[in-house]
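Please read this report alongside the sequence and the 3D view, taking one region at a time.

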Amino acid sequence: MGFAWGPGDILVYETLYKASGASGSGCSFIHEIRKDEDIYSPILRKLFNESHHIFVGLQTIREELPSKSKKPQFVSISKNYRSVIRACMEELQQVAVSTRNVELATQCGNQVSILLAIELIWNLCEVLFIDAAPAGSLLLHLLDWVRLHKADVDERAREVLQSESPAEHHDYWDVVVSYVLQGRLEEVRQMLVKQGTLQPAARSMYKQMDTLLSKMPFYNPGGTQTLTEFDVKWRHWHEEVDRCLQDNSFASNRHLEVICKILLGDEDTLLDHKELLGTWYHFLVTRLLFCHPTVKPTELHYYAQSCMTMFLDSRSVSEPLDNILLAAFEFDIHQVIKECSIALNNWWFVAHLTDLLDHCKLLQSHNLHFGSNLREFLLLEYASGLFTHHSLWQLAVDYFDHCPEFGRVYLELQIERVPLETERKALKVLRICEQRQMSEQVRSICKIMAMRALRNNRLGSALSWSIRAKDAAFATLISERFLQDYCAKGTFSDLDLIDNLGPAMLLSDRLTFLGKYREFHKLYGEKRFREAAKLLLSLMTAKIAPQSFWMTLLTDALPLLEQKEVIFTADQTYELMFCLEELTSSLNITASSTDRPMQEEDVEVTKVELLRLALARNLAQAIVKEGTVET
C-alpha cells in the first residue's frame with residue numbers, strides 16, 4: 001500500500017507490489033482518508049463559527065484584573081460554549097428524526113452522542129474547576145449537572161400525568177423514585193398526593209412521607225445559615241427518617257419503604273435501581289445527597305472511585321467517558337485533557353476547554369517538552385485542521401494570532417497552502433498577510449496571481465498583481481507584453497490601469513517607459529504637441545525607452561514633424577537625428593549578422609528615408625523660425 005500525507009487528509013492507494021506467490025492486478029482506486037470529518041458537517045460548522053466568536057471575546061479579558069472579578073466572566077463564557085453545543089445537538093436531533101436517509105440519520109445520531117458526552121464533561125469541568133464551588137454549594141451544582149443530563153424523567157412524567165389515571169399508570173412509581181433519586185422532592189410530593197387520594201386507608205402514611213420530604217433541608221449558599229448549622233439540621237432530619245424506618249412506619253407499603261431507604265442513602269436500595277439511575281455518576285450524586293451533603297471538593301475522588309467500583313459490573317471494562325469523568329472528580333485536569341484528546345475525533349473540545357482553563361490560571365505549571373505550552377499546542381492542532389476546509393480557514397487565522405510562540409510560524413506555513421481559486425479569495429488571503437506584515441507571503445501570492453493572469457492573457461490584472469508584489473522583473477516582462485500588443489494592434493488595453501500607475505511606474509524602467517509612453521499619447525490626443533514632443537524625445541535621450549522601440553517612437557514623431565507649426569526646435573531635431581543614426585547603425589549590424597527577410601528590410605529602409613526627409617525639412621523650418629525670432 002502506498003500513501004501520501006496532506007495537511008489534513010491522507011491519500012491511500014494499492015500498489016502493484018505483491019507478496020511472493022500472490023497474483024492478480026492491483027486496484028485502480030485512490031482513497032482519501034480524512035482525519036477530521038466533522039468540519040464538513042454543515043451543522044457542526046455552526047459550532048465552529050459560534051465558538052470562534054466566544055474564543056475571540058475571551059482573549060480580550062484583561063490580564064491585570066484580579067481573579068475574583070474575572071471568575072463570573074469565565075463562568076459566563078463557559079455557559080456560552082455549552083449553549084452553542086446544545087443548540088447544535090438539538091439541530092442534529094431534528095435532522096436525525098426528520099430525514100429519510102438512513103446513513104445521514106445514523107451519522108447525526110453519532111454526532112449527537114459525541115456532543116452529549118462533550119457537554120457532560122464540559123459542564124462537570126465548569127462546576128469543579130471554573131466555578132470551583134465550595135462544600136455545600138458543590139452538591140447543589142452536581143445535582144443540577146445530573147438533572148440536566150438525565151432529562152428522560154420529565155418525558156416519562158408527562159406521559160404518566162397525561163394518562164387517564166396517573167396513579168395507576170405502570171410507570172408511576174418509576175417516575176416517583178426517579179424524582180427522589182434526583183432530589184426533586186417537590187415533584188415527588190405532588191405525585192404522591194395523587195396516590196394518597198386513591199388510598200384513603202393509607203392517607204396518614206402518605207402524609208407522614210410528605211412531612212419527611214418537606215422537612216429535608218437543602219443548603220442555601222446565599223442565606224445566613226452556616227455550613228455547620230446546616231449539617232446539624234440535616235443530621236436531625238436523617239435521624240428522623242431512620243426512626244420512621246426502624247418503627248416500620250412504611251412496612252405496609254413497599255414503595256414508600258423504598259423511598260424511605262433511598263432518603264437514608266441505603267446503598268443496596270440505590271443499587272437495586274441501577275436502571276433508573278443509568279450511570280455511576282448519577283449514583284454518586286444521589287449517594288452524596290442522602291449521605292454526605294456537605295462533601296468537600298477534595299473528598300470527591302474517594303466517593304467517585306468507590307461509586308464507580310460498586311456500580312459497574314466487575315467483569316465490564318470502563319468506557320473512555322468513565323475514565324474522563326473520574327479524572328475530573330480527582331481534579332486531574334491534565335489527565336482529563338489527555339483522555340479527551342485520545343477519545344474524541346477532533347481537537348475542538350480540548351482546544352477551547354484548555355484555553356478557558358488556561359485563562360483561569362489552572363494550567364500554569366504544565367509546559368510540553370517540545371517548547372510550547374499545552375494550550376498553544378492544542379490550539380495550533382485545532383487551527384491547522386480548520387485550514388484544510390475551503391471556508392473555515394479564515395477562523396483559524398484568529399487562533400494562530402493568539403498563539404504567541406508558534407502561531408505566526410504556523411500561519412505563514414498554512415496560508416501558503418490555501419488554494420487561490422478566485423481573485424476574491426486571493427484578495428482575502430492577501431489582506432490577512434498585509435495586516436500581519438507577512439511580506440514574503442504577500443509577494444508569493446501576488447506572483448502566483450500575476451502568473452495566472454498572464455497565462456490567461458489578462459495583462460492588466462497581471463500588471464496589477466506584479467506591482468502589488470513589488471516584483472520589478474515580472475513588471476518588466478508584463479510591460480514588454482503591453483508594448484508588443486501595442487505594436488501589433490496599435491492600441492493599448494487596460495487604459496485605466498496604465499493611466500493611474502502613479503508612483504508604481506518607478507518599480508522598473510520598462511514600466512516607467514510604458515506609463516510615460518501612454519502619457520505621450522494622452523498629450524498628443526489633447527493636442528498639447530510641444531509637451532508631447534518634449535516627452536517623446538526625453539524617452540529616447542534618457543535611455544528609458546528600449547532601443548528596440550525607438551523606431552516606433554520615431555515613427556510617432558512623424559506626425560509632429562509634419563505639422564504646419566514647427567513643434568521640435570533645432571536642438572531637439574538634432575537629437576532626433578542622432579537617435580535615428582544610432583538606430584540605423586545598430587540595425588545595419590543586426591542585418592549583416594542575421595538573415596532578415598528582404599521585404600521587412602525594405603520597409604525599415606523606407607521608414608528611415610521618410611524620417612530623414614521629415615527631420616531635414618523640420619530642421620530647416622526650425623532654423624528659419626529661430627533665426628527670425630532672433631532678428
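Ile-30 is found in strand β3, which covers residues 30-34; strands (E, at least two residues) and helices (H or I, at least four) are DSSP runs numbered from the N terminus. With a relative accessible area of 58%, Ile-30 is exposed, where exposed means over 50%, buried under 20% and partly exposed in between (1.4 Å probe, protein chains only). Together with Leu-11 and Tyr-13, Ile-30 forms a nonpolar patch on the surface, with about 290 Å² of accessible area.

The model is predicted, so local features need pLDDT of at least 70 and side-chain atom pairs count only at pLDDT 80 or more, while totals for chains, interfaces and linings use all residues. Residues are numbered from 1 along each chain as its sequence is written, and side-chain values use heavy atoms, with hydrogens and water left out.

## Helix α6

Nine of the ten residues of helix α6 (residues 172-181) are buried, so this helix is largely enclosed by the rest of the structure. Among the buried residues are Tyr-172, Trp-173 and Leu-181. After α6 comes Gly-183, whose phi is positive, near 75°.

## Thr-269 in helix α11

Thr-269 lies in helix α11, residues 267-272, and counts as buried at 7% relative accessibility. Leaving aside neighbours within four places in sequence, Thr-269 is in contact (heavy atoms within 4.5 Å) with Val-258, Lys-261 and Ile-262.

Key
Patches are made of residues with over 30% relative accessible area and no salt bridge: like charges are joined within 9 Å, nonpolar side chains (Val, Leu, Ile, Met, Phe, Trp, Tyr) within 5 Å. Accessible areas come from the Shrake-Rupley method with a 1.4 Å probe; for residues, only the protein chains shown count as cover. A salt bridge is a side-chain nitrogen of Lys or Arg within 4 Å of a carboxyl oxygen of Asp or Glu.
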